[in-house]
Amino acid sequence: QVIKCKAAVLWELNKPFSIEEVEVAPPKAHEVRIKILATGICRSDDHVINGALVMPLPIILGHEAAGVVESIGEGVTCVQPGDKVIPLFTPQCGECSTCKGTKGNLCHKNDIGSASGLMPDGTTRFTCKGKAIHHFIGTSTFTEYTVVHEMSVVKIDAAAPLEKVCLIGCGFSTGYGAAVQTAKVERGSTCAVFGLGGVGLSVVMGCKAAGASRIIAVDINKDKFAKAKELGATDCVNPKDYTKPIHEVLKEMTGLGVDYSFEVIGNTETMAAALASCHFNYGVSIIVGVPPATKNITFDPMLLFSGRTWKGSIFGGWKGKEAVPKLVADYMKKKFVLDPLITHTMSFTKINEGFDLLRKGK
């Protein structure tokens, strides 16, 4: 059956979402229809609104969520109606070289690079006012019901509180994994984290869990420092307090630069600064923030020639089907906290107010 429900539709760039009644088609073979019960607001969604991340419009955004399976298409065996699930914006098909290997986690069937805005069969399950509405990176969670391919969903513990573990669908896992999985931060090492939003704070938590001896939190919004310290930052630095470049400040604080630096903003200037702030020979810098589509980076190649490593990290390097249920289980065992990452809980119809809070750094 087609389900009619509320969704936040983005019709054009730089405009608020419109809460509309949409029709959500039933799942086809190997697809799953999910009732979304909680969704987070992520900066990557905002990047689409302002055009920095190019996606086809109109579109239903959202990719950090949790819900319950409403129905399944033919051939689906990984979940059943009634299962609690988290949608995966980085799918795990189990067949491509990345899924079969151990070197990476970005399944070849992801829709981040191609940005088709469609299901794997090239069609959409959403219509509104007679128009086809695009999907967002295989998830589309700003709607009461969504349809995903079976490679983009995983079953989690039935006892898990969905309004908290939805953050494991993106923000928490992305940041925490960048530290423990991509960088593999060692005990006693020094780290710098640029950007203290939800993902940046999750990087701080990952560095602390890995046993880093010094975690320097960098942000131009000093209101974020108290929470960063609560979650493990040892130092907080506001670049606005200095006349010299921030990488020089960090080098002076640490001697020769940090062992690991993380850019969790999505700004090309801070990416270059994060690279320059890590140790000239064995420093590792991780790009976690989504880069803007039209920007390139210019940097001195000597920064890399001397031995530094520059890496990217999508979804914290985790393979979703394997890692997400384990991360939810770890949360249930109180191995990490999620509450400090939740600043507001709002009704779905107030989604535009939520994005205003995001843009104000609140």
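1. The loop between β6 and β7 is where G130 is found. In this predicted model, G130 is exposed, its relative accessible area being 74%. Between G130 and S18 there are 112 residues of sequence separation, and their C-alpha atoms lie 16 Å apart in space.

2. Strand β6 covers residues 126-128 and is joined to β7 by 3 bridges, the two running antiparallel. Within this pairing, C128 has K131 of β7 standing opposite.

3. The β6 and β7 strands belong to an open sheet of 4 strands, whose order is β1-β2-β6-β7 and whose pairing is antiparallel. At its edges are β1 (3-9) and β7 (131-133), each of which pairs on one side only. On average, neighbouring strands of this sheet are turned by 45 degrees against each other, direction being ignored.

4. A further point concerns the cysteines. How many disulfides does the count give? The count comes to 0 disulfides. A disulfide is, in general, a covalent bond between the sulfur atoms of two cysteines. The criterion applied here requires the two sulfur atoms to be within 2.5 Å. For C93, the closest cysteine sulfur is that of C107, at 3.6 Å, and this is too far for a bond. C99 is likewise in no disulfide, the nearest cysteine sulfur being that of C96, 3.6 Å away.

5. Are C93 and C99 buried or exposed? C93 is buried, with a relative accessible area of 16%. C99 is also buried, and its relative accessible area is 10%. Both values fall under the 20% limit that defines a buried residue.

6. At the level of the whole chain, the division is into domain 1, made up of 3-171 + 317-360, and domain 2, made up of 183-312. The C-alpha centres of domain 1 and domain 2 are 28 Å apart. Domain 1 contributes 11 residues to the contact, and domain 2 contributes 13 residues.

7. The size of an interface is often expressed as the accessible area lost when the parts come together. Between domain 1 and domain 2, about 900 Å² is buried. What share of this buried area is on carbon and sulfur atoms? Carbon and sulfur atoms account for 65% of it.

Definitions and conventions
Residues are numbered from 1 along each chain as its sequence is written. This is a predicted model: local features need pLDDT of at least 70, side-chain atom pairs count only at pLDDT 80 or more; totals for chains, interfaces and linings use all residues. Side-chain values use heavy atoms; hydrogens and water are left out. Buried means under 20% relative accessible area, exposed over 50%, partly exposed in between (1.4 Å probe, protein chains only). Two strands pair if DSSP finds at least two bridges between them. Axes are lines fitted to C-alpha atoms, for helices over the stretch in contact, and angles run from 0 to 180 degrees between N-to-C directions. Domain bounds come from an automatic or database domain assignment. Contact means heavy atoms within 4.5 Å. Buried area is the accessible area (1.4 Å probe) that two parts lose on being put together, summed over both.
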